[in-house]
Amino acid sequence: MAEREIKGLLIDIDGVIYDDEEVIPDSIYAMRWLQQKRIPFRFATNATSRSRASLAGRLRDLGIEVADDQVINTPYVAARELRERPWTRCMLLVKEDARREFDGLTLVDRDPQVVVVGDLASGFDYATLNRAFQAVLGGAELLALQKDRFWRVRDELVLDAGPFVVALEYATGRNARLVGKPSRDFFRVALEGMGIPPQQVAMVGDDIENDVKGAQEAGLLGILVQTGKYRPDLVERTGIQPDLVVKNLGDFVARF
Ligand SMILES: [Mg+2]
């Protein structure tokens, strides 16, 4: 890592700052340290259940000074793209809070042109998936906010949106277009406004594929934290080499 100077950071939220309700040790202290040093950063998350304002509000409640627009989430990136084709009829499979990000778009329950899939958790029932299946079969585009395999809630790994996106792909024989990490476009949007070339930005995350490999393929450094969904055996199985592996975000900033 020493050969490449890091001037800015993209920081994942789930698994780096907190696990669901539980704050990860040293993460708040580490963020305050970065802010004192005036190191530019954006939060870059595949979380699809909340709007940017809601995510930023929660981070502020935890003591991290962050503006809404310093949080880049996949509903925001998708809605921004859909606004460029304003008459598109969209079917949203996202939680209520995240729907706020899609304000002003044409949202429908039938005959959509685009089906947007985020993490609905227990809302992924047969009727909902079947509705999405029929829409895609009828010609609608399938847009996956993310395809994460799993995430961590308390002490357990739980299914994320990915397995349900894959179910729809399998049933329809069509591939979803991915909005979130590891898509290159997501990293491009996240870096907008930072004014720092990707080569001088490091992504810090707990997902070896989406955070580390995605970042590396977009030209950034990929830093893996051993918190959140990190499991040594699962990481090893991927064969992906992070630029640096650290205990947690606090451990990373201590080396900065
Ligand atoms: Mg994460």
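**Sheet.** Strands here are DSSP runs of E of at least two residues, and helices are runs of H or I of at least four, numbered from the N terminus. Two strands count as paired if DSSP finds at least two bridges between them. Strand S6 (residues 89–93) and strand S8 (residues 114–117) run parallel and are joined by 4 bridges. Met91 stands opposite Val115 in S8.

**Model.** This is a predicted model, in which local features need pLDDT of at least 70, side-chain atom pairs count only at pLDDT 80 or more, and totals for chains, interfaces and linings use all residues. Residues are numbered from 1 along each chain as its sequence is written.

**Domains.** I took the domain assignment, automatic or from a database, which gives domain 1 (9–40 + 181–254) and domain 2 (75–178). Their centres, taken over C-alpha atoms, are 25 Å apart. Domain 1 brings 12 residues to the contact and domain 2 brings 9; contact requires C-beta atoms, placed from the backbone, within 7 Å.

**Helix H8.** Which residues of helix H8 (residues 208–217) are buried? I listed Ile208, Asn210, Asp211, Val212, Gly214 and Ala215. A residue is buried if 20 or more other C-beta atoms, placed from the backbone, lie within 10 Å of its own. The cover over these residues includes helix H7 (184–191), strand S13 (201–205), strand S14 (221–225) and helix H9 (232–238). Just after H8, I noted a positive phi of about 95 degrees at Gly219.

Key:
Contact = placed C-beta atoms within 7 Å. Buried ≥ 20, exposed ≤ 12 C-beta atoms within 10 Å, placed from the backbone.
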